[in-house]
Amino acid sequence: MVMKYLDPKADLTFKKIFGNHPKRLISLLNALLPLSEEEQIHEIEYLPTELVPQLEGGKNTIVDVLCKDARGRKFCVEMQMEWSDAFQQRVLFNASKLYVSQAKKGGKYSELQPVYSLNLVNDIFAHDTPDFIHNYRIVHDKDSSKVIKGLHFTFIELPKFTPHSIADKRMMVLWLRFLTEINSNTKEIPSDLLNDPEIGKAVEELEISGFTDAELRAYDKFWDSVSVERTLLDDRYQKGMEKGMKQGREEGREEGREEGKHEANTETAQRLLAMGLPAEQVAKATQLPLEIIKNLSNS
């Protein structure tokens with residue numbers, strides 16, 4: 001089968017789709033972020049995606065798409081193929097950096113605008129809940145209505161998404177279907193995706209005919225790197241499981257030795273008590289607590 005479309009989740013395609021199309025990015029942000037009607041985004045300006053000096057890992061310094069709206073609010077968008085605690089910390093670091101970067105000498109803290117971090121994760125990290133959208137704010141530990149405004153985080157687990165779960169939010173469903181249903185095996189695009197103006201244009205940009213040979217090689221290289229990363233993660237997970245099982249066996253053997261030692265000392269204590277030795281001497285001889293010795297003598 002000849003491939004007709006590329007997967008929008010790849011680094012190359014994601015940036016091509018959202019990195020230079022303001023109306024399309026506005027549609028995505030308004031659909032996926034928890035914004036009220038009054039908070040909807042109407043106009044954006046793209047910003048450089050390099051946020052900080054290079055840190056370990058290289059990509060830790062680069063976000064996929066970064067913009068601000070007419071109010072001065074900043075929006076950071078990431079497409080992440082694999083979940084890790086390091087990614088979560090990177091998200092926190094980047095959003096904090098964006099918030100602090102607004103400060104001007106002699107300015108007022110009240111002038112600082114909120115930062116929204118939207119993170120699309122092609123992996124499952126919250127295994128204890130069927131929820132796939134996770135919104136975070138800084139809230140009071142006993143009263144969630146008390147909020148410190150400034151930083152907003154949204155994490156979306158794409159593999160958990162099913163259209164029927166959020167049927168009341170049409171644009172959210174359409175954008176998540178766009179991100180999860182289209183790949184190299186796609187032959188035809190559903191009409192409801194094509195009928196939306198921005199999603200329809202995004203689909204056109206995924207057609208393989210619109211990419212150069214160099215871009216296609218970069219696309220293939222991206223998926224190769226994803227495959228390698230997954231293999232390494234699986235290896236680390238397997239080794240961690242084996243280490244845990246080994247530690248469990250060793251701890252079990254140690255517990256068995258301790259139980260056996262305790263039983264032997266208890267039997268010795270009972271014999272010494274039967275011989276008429278005081279409880280204090282028996283406790284010293286067997287290294288058992290005096291309370292246990294007294295209980296044995298009363299039994």
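1. Helices (H or I, at least four residues) and strands (E, at least two) are taken here as DSSP runs, numbered from the N terminus. By that definition, lysine 149 lies in strand 6 (residues 147-157).

2. This is a predicted model, in which local features need pLDDT of at least 70 and side-chain atom pairs count only at pLDDT 80 or more, while totals for chains, interfaces and linings use all residues. Residues are numbered from 1 along each chain as its sequence is written, and side-chain values use heavy atoms, with hydrogens and water left out.

3. Overall composition. The protein chain has 9 helices and 6 strands. Of its 299 residues, 38% are buried, where buried means under 20% relative accessible area, exposed over 50% and partly exposed in between (1.4 Å probe, protein chains only). The accessible surface is about 18300 Å², and carbon and sulfur atoms account for 51% of that area; the areas come from the Shrake-Rupley method with a 1.4 Å probe, and for residues only the protein chains shown count as cover. Among contacts (heavy atoms within 4.5 Å) with a separation of 6 or more, 61% are between residues 24 or more positions apart.

4. An open sheet is formed by 6 strands in the order 1-2-3-4-6-5, with mixed pairing; two strands pair if DSSP finds at least two bridges between them. Strand 1 (44-46) and strand 5 (133-139) are the edge strands, each pairing on one side only. On average, neighbouring strands of this sheet are turned by 20 degrees against each other, direction ignored.

5. Strands 2 and 3. Strand 2 (residues 65-69) and strand 3 (residues 74-80) run antiparallel and are joined by 4 bridges. Cysteine 67 has phenylalanine 75 of strand 3 as its bridge partner, and leucine 66 has cysteine 76 of strand 3. The two strands form a hairpin with 4 residues between them, and glycine 72 in the turn has a positive phi of about 100 degrees.

6. Strands 3 and 4. Strand 3 pairs with strand 4 (residues 115-121) in the parallel sense, over 7 bridges. Glutamate 78 has asparagine 119 of strand 4 as its bridge partner.

7. Burial of strand 3. Because 7 of the 7 residues of strand 3 are buried, this strand is largely enclosed by the rest of the structure. In a regular strand the side chains alternate between the two faces of the sheet. Here Lys74, Cys76, Glu78 and Gln80 point one way, Phe75, Val77 and Met79 point the other way, and all are buried.

8. Lysine 149. In contrast to the buried strand 3, lysine 149 is exposed, at a relative accessible area of 71%. Lysine 149 is 10 residues from valine 139 in sequence, and their C-alpha atoms are 8.8 Å apart.

9. Helix packing. Helix 2 (residues 22-32) packs against helix 4 (residues 170-181) at an angle of about 115 degrees, with axes 8 Å apart; axes are lines fitted to C-alpha atoms, for helices over the stretch in contact, and angles run from 0 to 180 degrees between N-to-C directions. Arg24, Ser27, Leu28, Ala31 and Leu32 of helix 2 make the contact with Met171, Met172, Trp175 and Leu176 of helix 4. These residues divide into 7 nonpolar, 1 polar and 1 charged, counting Ala, Val, Leu, Ile, Met, Phe, Trp, Tyr, Cys and Pro as nonpolar, Asp, Glu, Lys and Arg as charged, and the others, Gly among them, as polar.

10. Burial of helix 2. Helix 2 is largely enclosed by the rest of the structure, because 9 of its 11 residues are buried. The buried residues include Arg24, Ser27 and Asn30.
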